[in-house]
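Here is a short tour to read alongside the sequence and the model. Please keep both open as you go.

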Amino acid sequence: MFRSARHLQALQPLQPLLLRTTSTLHTPAITKTLTSLLSDNDPSHTHKSKVQLSRDFTHIYTKILSDDEKLSTLRYLCDNYGADTSSLSALIAKTATSTTAALSQKSAAVIRKLSTPRYEALFSRILTDVPNGMETIVSIRSDLRRLDRKAELKQLNQDLHQQLSQWFSSGILELRRITFDHTPAAIIEKIAKQESVHPVQSLDDLCARLGGGMRCFGFFHPSLPDEPLVFVHVALMPSLTSSMEQIAEHRSSGDSDGSKENDAKAAIFYSINSTKDGLAGVELGNFLIKRVAATLQREFPNITTYSTLSPIPRFRKWLLAKASLTDEFGFENEMEVFGTLAARDAFLSILALDPPPRDATQALINVLEDSTSPWHEDVQKAAVLKPILTKLAARYIAVEKKRKRPVDGVAKFHMNNGAELFRVNFAADLTRKGLAQSYGLMVNYRYYDSKIIEKNHSAYANGVLILSDEIQELIQK
């Protein structure tokens, strides 16, 4: 039911669209209204009236309905305006038994029409009839991803994803450089708020990220001109970078004379953020990286290295879980953790325990999780832990798989995009977030020329990960 009398009074003119119970919309009134909106054969509704119905529906959905009511609305659309499966099955059966080619060709057009979910017409009308209609459709898919926990509306989600992939294809998107001098303040504010990989700490920090020796680019859609859909921060460095500390020092020192940019040999993509959950799965980030790389190549022909400095968001969680298991899903033995007896013995020696602990793996976890004596502040401990953690991280990214793909989402994104897993960097992000995610480790994914990228992408599609010699050596230990 509506949450207040005021809501009900405000919607009185729209009763045909809204009459329902709290759990369903299955009433003659709503059926009649949506049929009028989606049918081309109803003479009682003019184009003008349908435009108004589209706008009314959008206003109610986005401004008034609760989450439960939104889910009921979407469920009703799926139940009543999906593909006409009954007619489709009958026609396919009839066509299959026909020997007349003309009948089959004629039926093909009908089959295509019957296969198209009728709710697609609703989204088309919203797109053309409603101001900010694209934003509404993106928000509807975001609601689907958030509310449909049982995946009951999987087909609707897939259909919306397919349509949005067409509407947000790379040729339509506009690439903009974000600067303090030329970008509206409202857009800069959105970028600052939605930076999730390395949160902005202050106004000075934001200024440095957009200053000399640095770049920030975003993709924009003509229908959403003030909304950065995805954006990336890039550091123009003298060489391949192995830590966020190096990037922070680089950007904080400024580049008033442009010498850093002119001398740059490496473009380091250190943060990429998508801002619209409704566009999840739409290929934006991969196109952005390639477009930005091409733009930088034209501006700075001396840059020869294109690489990320990427987080490993779930490495710590994986290691803790793996170490806690004693069945086939855990580590088989200590050598799988430490790599060599020498590495294990070196680790045990820094504990200075007599007798040494029986469970070296658990002792490792205890050291890593000890907040009273942080391992990364102890030079000796850090030196001993470096080969152990880098090997484990390489294994996590390159060996731990699900359906022949890395379980790590960042690795999956970049390697599907044609990048090479190049290097694991120790003590690369010692912020609280970096330690909590991956004990401070980060990864370089290298991007080469377009031919190599395409070759790497094809290999990944066949279940083959492209690994540098350094990574291969780590996982073979």
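Helices (H or I, at least four residues) and strands (E, at least two) are DSSP runs, numbered from the N terminus. This is a predicted model, in which local features need pLDDT of at least 70 and side-chain atom pairs count only at pLDDT 80 or more, while totals for chains, interfaces and linings use all residues. Residues are numbered from 1 along each chain as its sequence is written, and side-chain values use heavy atoms, with hydrogens and water left out.

Let us begin with β3. Of its 8 residues, 8 are buried, where buried means under 20% relative accessible area, exposed over 50%, and partly exposed in between (1.4 Å probe, protein chains only). Val 230, Val 232, Val 234 and Leu 236 point one way from the strand, while Phe 231, His 233, Ala 235 and Met 237 point the other way.

Strand β2 (residues 214-220) runs antiparallel to β3 and is joined to it by 6 bridges. Strand β4 (residues 266-274) is also antiparallel to β3, with 8 bridges joining the two. Val 232 makes a handy landmark: Phe 217 stands opposite it, and Val 232 also stands opposite Ile 272 in β4.

The loop between β3 (230-237) and α13 (244-252) holds Thr 241. Is Thr 241 buried or exposed? Thr 241 counts as buried because its relative accessibility is 1%. Contact means heavy atoms within 4.5 Å. Leaving aside neighbours within four places in sequence, the contacts of Thr 241 include Gln 246, Ile 268, Arg 423 and Asn 444.

**Salt bridges**

Side chains of opposite charge can pair when their charged atoms come close. A salt bridge here is a side-chain nitrogen of Lys or Arg within 4 Å of a carboxyl oxygen of Asp or Glu. The whole structure has 20 salt bridges, including these:

| Pair | Closest N to O |
|---|---|
| Arg 176 and Glu 174 | 3.4 Å |
| Glu 400 and Lys 322 | 3.7 Å |

Glu 334 in helix α17 (residues 334-338) and Arg 344 in helix α18 (residues 341-351) are 10 residues apart. Glu 400 and Lys 322 are both buried. Glu 174, at 40% relative accessibility, counts as partly exposed. There is also a network of salt bridges linking Asp 67, Lys 70, Asp 143 and Arg 146.

**Two packed helices**

Two packed helices are described by the angle between their axes and the distance between the axes. Axes are lines fitted to C-alpha atoms, for helices over the stretch in contact, and angles run from 0 to 180 degrees between N-to-C directions. For α16 and α20 the angle is about 95° and the axes are 11 Å apart. The two helices are therefore roughly perpendicular to each other, a label for angles of 65 to 115 degrees, with under 35 roughly parallel, over 145 roughly antiparallel and the rest oblique.

Phe 315, Trp 318, Leu 319 and Lys 322 in α16 meet Leu 389, Leu 392, Ala 393, Arg 395 and Tyr 396 in α20.

Most residues other than glycine have a negative phi. Ala 352, although not a glycine, has a positive phi of about 55°. Ala 352 sits in the loop between α18 and α19 (360-369) and is exposed, with a relative accessible area of 67%. Lys 404, not a glycine either, has a positive phi of about 65°. Lys 404 is found in the loop between β7 and β8 (405-406) and is exposed, at 58% relative accessible area.

How values were computed:
Two strands pair if DSSP finds at least two bridges between them.
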